Structures are given as structure tokens and as C-alpha cells.
Amino acid sequence: MRLPLLSGLLGSVASAAASQVTIYGVFGSTTTAASQSGTDGLPSTTSYFTLDSPATYTGLAAYNPVYLVPPAIPNPPPANQFTISLPNGAANMNGLSIPQAPTFFGFSIEMSVATQLIGTNSSRLNVPFLNLMSLYIEKAGSVHVRVGGNTQDTAFMVDSFPDGRIMEKDKEDASNPTSTPVLAFTPDLLYMLGNVSSLINCHWYLGVPFNDTSNWRLEIAELAEAVLGDRLLGFQAGNEPDLYGSHGHRPTTYSEWDYFGEFSLLTQAYGNDTKITNKKSLIAPSTAGHNWPVDLDYNSRPFGPEPVWDTGFVQAYDQFLSALAVERYPDQNCGVIWPDPNDPPKNLIDVFPEYLTHQTSLNTIGPYLNSTMLAQGWGKPFLMFETNTASCGGFMGVSDAFAAALFGVDWAMQLANGNFTGALFHAGGQNVAYNPFTAPPTNESAFHEWTIGPIFYSSLVVAEALGTSNTSRVKDLFPNNGDPHTPAYAVYENDQLARLVLINFLDDPSGANDYTATLNIGGQQFGEANAVPAQVKVKYLLAPSVSEKDNITWGGQTLGARFQVDGRWKGTEDIQTVQCNQGTNTCDIKVPAPGVALVFVSDAAQQAAAAAQSIATFPTTVITKTANTVSVDPSVLATSNGNSGKARANRLGGTSQGGANAAAPGKQPALVVTALSGALVGALGVLARALW
């Protein structure tokens, strides 16, 4: 459906000039001059030198200037030429995953930073957020976003605040290792989410507070159901409850049985609440792992949620559970935030290689494979409800470097291969390094734009790899004799080989460790006809180095360097056509070191890849100036995407506060789409271009 043109599109932001970069090492800091290189119109890359040591930086981690020396090439290096043989038909491929949805890769936003990323309130939405979600939606059809985390467990709703804000934090009661504030919010937070969904096809996960089991505060569930309607996916019930004891939220003896009992109290309140009409909407247990049973030695406790399953949890609460979930990061950096002699800060150079090997994804998913199998038997989706590179903020120079983009592709594809049904990558604010996207500090919004994290590029690769048919099944291929630096995945769609994801974790600017994978599809060995097409299309995720932060491209386009992102592509899309040899039934695909190649094999996949980009965008130079705003007609919101606001209202209530079918009384706010950016200041415009 075409959205009305409200004003003209303004010129793009000028590319950044060369600047200096400070590198931190054991002997202090060294400042080096940046060098200009790269494609015209795209950000330049930086020449830099680093010392083999942990980084020291005390500013906001999301914008840190820490660059790390890339890991050395293994000796001996993996083969740079190898063959991948696979059947064309899914029936001849063993071990395929369950069918996966295009929305598999989603996002998790810490509730306390929702007003930094999504919007100031229901009347002022952040344009870069809308644009970034639109990029994903173009490939996946919709996007799943969670607003929750540790802050949801203690959050409570109030009518309003004297200063007009929709959220307030009290850090004096922050009693756990992630320095989580107690959070109060107004109903306008939910109306803000509803207005986002009226513009783009965004669906939401939320959570119910879990800190007061004698007084369940279910207002968020009551109102969200009415406001969001069919854009509401469910409510998390307890965020990492297996950490409640060690974080001081429960006695240290708090166990899986205690959680079982508290969940029972929740279901009683939930079932008795007449304002909640969909009772089967809870998501649990969302454990972090390795904490239960408490009577076992710590090193003997499993990472998987089996202690919860052993209580009979799923069978007891089946009528309330819409999905099962866990949370897991492959590593943690908590020693930096909370000094502990038993958990000292980690050397970044030591952890860097963890994110440049397939083995990390294999090791991390292993404890959950039994649960994904059980979930299928129980008929429940099984979600990785929160993940990223490392908990407690990630690692500077790693979580925000191209290595994280490679890891993100591998980790998400491995989760799909292992029969998870979705994975939400977390954004935690400006004091963490792993964010998929970060708004500028408020006092810099007049001259700085947003910053994109490498993980966001991962989301686009995975969305395009899975396609939109809802029939995609994934297979980890273990090519090149299973070398962990050159993993690959096959994606079968409608029972036919559709796409391949080829990853090169190595870092070698000389090109000597670029590899060529020779595809051999079908043929006598599989009892099939030769099936290599005359040509394939290839789209690359590239950067000059695994340490690169700015010059990252997907299909030749970039979102920009730090503080230069408005959520729109810069540059022209480049999808390469590779000629194959049908006589020998082979096709050679080159994968640079480092890089990812997404290979489109089937006719349908190639046609989708060749289709012109059609992205709903919301460009504007508006910043947080009340004189420079553009209102959107409420009728546009009601009919912009998916079910209309009116149609949803007929079932559950309106999406605009105070509307004719709204869930609660009040004056309907006029929506203003704003960008907390604004490198250009002048005439304002909001352009919404057709998504379909």
C-alpha cells in the first residue's frame, strides 16, 4: 500500500572527512591519522596500528575508538579451494531444520532505553529506527522486536509524570550486576509502539513485572493487548529467573521449584484478569543457564533449561504458554563492570578469536539441542529471547567490529539449523559495545546522527538468506573438512535448494586466503539430474578487516560510519552474476577474507535477488526542535500497513490513545516522525515510499 507523499526528499548527508583515531594499549594511547580509501560515496576506512593488550577506554562504549589487531592466519591455513556437493532436492538432504520464518532474526531493546531508540513518546518517533526496521521488513515482510530485559522485571505503570516524559528511572535501587534501574512508565509507551506498528509492519514482545509475586502488576498486559492488537506477540514472564538469587532479587537458595511456584501464582492472577482476553500469551522460562539446580556444584549445573523441564513446568502451564525461551551470550564481560578476583577483566586480544570460528556457535548451541527437540514434541516455539556477542556490554573492539557481523550471521544460522524458532539480538544503550543500532547522546543530536552496529548487517543477511516463503529449512554443511574458519549453510525452500551462505572468518588483505568453493549440485551421487544452473547471483557482506567498524558493505551498500547513519542505504546495490559450468555441473564462488557470500541458486531466489529495492523510508532532517516537526494524518497511520487501525479496533481496541475505539480515555496525540540526528538543518520532509 502506498503511503502519501508529504514532502520532498532532501539531499544525503555528506561523507565524513578523514579524522584521527586513538588506539589504546598497555603503554597508553597512540593517535594515528586516518587514511582515505574505499568506494566513492562510501565511508573511508582507517589505517591503524594496535598493541597486543586489553584496551583502556572510559567513554561511552557504543562509540569507543578501540581497534584490535586481527588474529593471525592459522598455520597451516585452511584450504582455499574445496568442493561443496549437495542434493538439489530436500528429500535427499539429511538433517534439515524445521521450516523457519523470515522474521527469525529479531531485535531486543532494553526497556529502559526504548525512548532513546524508538521515540520520545507516541507523538515523536525516531526516523532512523523506522528506516532501519524498514530495511529488514523489505526482505522479511515484518520484524519482531522485544521491549524488555532486566528493567521489565521491576517496571510499573503510572498515569503520567510532571515533566511530561513517558519513562523515569531510579538507579538507586539498581542491585544487580547489570546496574539495572527501577523503571516507571506511562501508558504512552504502549501507544508509541502502536504508532510504530501503524507505519511499519512491526510486532512486539513485552514482559510482565516479576518482582512482586503478592501484587502482580498486569496493567502492561491489559493495555498492550488492547493497544497493539494483532501486533502483540506475547509477554515474557521472568527475565533470567535463575539469576534472581545471585543478583539479590530472591534468597540465594531460589530454585527452579520456587520459580515453578511463582509462575503458578502468576497464572492464577492472569487467568482471573478479565481485561486480558488471550490467556495463552506467556513466554518462559527465559533462563540464562548454568545456575540451577542450586544444590549442585556450580560446575555441574547445566546451561540448558532441563532443571525447569524436570519440574513438569510445560505440562502444568501449557494453557498459558505461547512459547518457550532461553537467553544466552557466548561469553561475558562482567568483570569490567563488577570487579571480582574470581572473574578478572578479559584480554580483548584473547577473546577476539572466539568470534572468528564456527566452533563458538557449535559450543554455545549444544546445551539447547535437547530442548529444541522437546519443544517440537510439545508443539511450542523455542526462542533465543536475548543474545549478542557477550553479556555485560560486550567487548570494545570486538562486539562493534566486522568480526561481530560474521559471528552474527553464523550464530543466527546455527540457531536456525538447531531448530530454534527465533533469535532476538539485544540493544542495551550507549554504555554497551554490541548494539545493533545506537542513537547519539542527546546533547549531540544536533550535529551527530546514529551509529550502526555490525550485528545489524547480520540481520539483513539472515533475513535475505531465509526468504519469505516460511518454508526455508537450514543445513550446516561443515565444508572444507569441517574447518571452523570456512563454515557454510544450505537453505532449502519449497523442498528445493534455494540459497547458500558461505563465510570466511580469516583476515588477509593480500587475498591469499580468499577461498573458492566449487558447488556441485545434484547428480548421480544423489540419484538426481545435474542441477547446477547456468548462472547464480551472489551478494557479499564485506569489510577491509575483521577489526573494521565503519566501512562495512552489504551488496555494495553501507549505512554509514559512526554518527553518520540515518537508516537509509548509501551507494548502489551490487549483486554479482557468476557463470557456472553445466557441463561439469560446477559453479565456483569466491569468498574474500574476511567476508560472507550469499549465493542465490534457484530461479525463484535469483528473481527475488534481482528485484529492485522497494523500501519504505522516512527521511527527514528534523531534530529535537519543536518548531521543526511534521504531523502525520491519523488516517495514514490507520491504513499504512497490515490490518488497519480500525479493523484491529473492532476486535481489541484502537492503536491511538483517545481514539473512538481506544482502550483508555485521553487526547489523541498527533504523530511526529523525528530523527534524533540532523547533520543537515533546514527544510523538513517526511517521505514514506511504497513497501509493496
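Q: Take this definition: a crossing is left-handed if the near helix is turned anticlockwise from the far one by less than a right angle, and right-handed if clockwise. Which hand does that give for H2 passing H13?

A: H2 passes H13 in a right-handed crossing, so by that rule the near helix is turned clockwise from the far one. Keep in mind that this is a predicted model, where local features need pLDDT of at least 70, side-chain atom pairs count only at pLDDT 80 or more, and totals for chains, interfaces and linings use all residues. Residues are numbered from 1 along each chain as its sequence is written, and side-chain values use heavy atoms, leaving out hydrogens and water.

Q: What do you call a helix here, and how many helices and strands does the protein chain have?

A: Helices (H or I, at least four residues) and strands (E, at least two) are DSSP runs, numbered from the N terminus. On that basis the protein chain has 17 helices and 29 strands.

Q: Why is H2 called roughly parallel to H13?

A: Helix H2 (residues 127-140) and helix H13 (residues 454-466) have axes 8 Å apart, packed at an angle of about 15°. The axes are lines fitted to C-alpha atoms, for helices over the stretch in contact, with angles from 0 to 180 degrees between N-to-C directions. Angles under 35 degrees count as roughly parallel, over 145 as roughly antiparallel, 65 to 115 as roughly perpendicular and the rest as oblique. That puts H2 and H13 in the roughly parallel class.

Q: Which residues of H2 and H13 meet, and how do they divide by class?

A: From H2 come Leu 132, Met 133, Leu 135, Tyr 136, Lys 139 and Ala 140, and from H13 come Phe 456, Ser 459, Leu 460, Ala 463 and Glu 464. Contact here means heavy atoms within 4.5 Å. They split into eight nonpolar, one polar and two charged, where Ala, Val, Leu, Ile, Met, Phe, Trp, Tyr, Cys and Pro count as nonpolar, Asp, Glu, Lys and Arg as charged, and the others, Gly among them, as polar.

Q: What makes H3 and H4 roughly parallel?

A: The axes of helix H3 (residues 188-199) and helix H4 (residues 219-228) cross at roughly 25° and come within 9 Å. That angle makes H3 roughly parallel to H4. H3 passes H4 in a right-handed crossing.

Q: Which residues make the H3 and H4 contact?

A: Leu 190, Tyr 191, Leu 193 and Gly 194 in H3 touch Ile 220, Leu 223, Ala 224, Val 227 and Leu 228 in H4. By class, that's eight nonpolar, one polar and no charged residues.

Q: What about helix H10 (residues 358-365) and H12: at what angle do they cross, and with which hand?

A: Their axes come within 9 Å and cross at roughly 40°, and the crossing is right-handed. The contact divides into five nonpolar, five polar and one charged.

Q: How do you know that Cys 334 and Cys 392 form a disulfide?

A: A disulfide is a pair of cysteine sulfur atoms within 2.5 Å, and these two sulfur atoms are 1.9 Å apart. The S-S torsion is about 75°, so the disulfide is right-handed. Cys 334 sits in helix H8 (residues 334-337) and Cys 392 in the loop between strand E15 (382-387) and helix H12 (402-417), so the bond ties together parts 58 residues apart in sequence.

Q: What is the hand of the disulfide of Cys 580 and Cys 587, and why?

A: The S-S torsion of Cys 580 and Cys 587 is about -55°, so this disulfide is left-handed. Their sulfur atoms lie 2.0 Å apart. The count comes to two disulfides, and numbering the bonded cysteines in sequence order gives the pairing 1-2, 3-4.

Q: Why is Cys 392 called buried?

A: Buried means under 20% relative accessible area, exposed over 50%, partly exposed in between (1.4 Å probe, protein chains only). Cys 392 comes in at 13%, so it counts as buried. Cys 202, at 0%, counts as buried too. Of the 692 residues of the protein chain, 61% count as buried.
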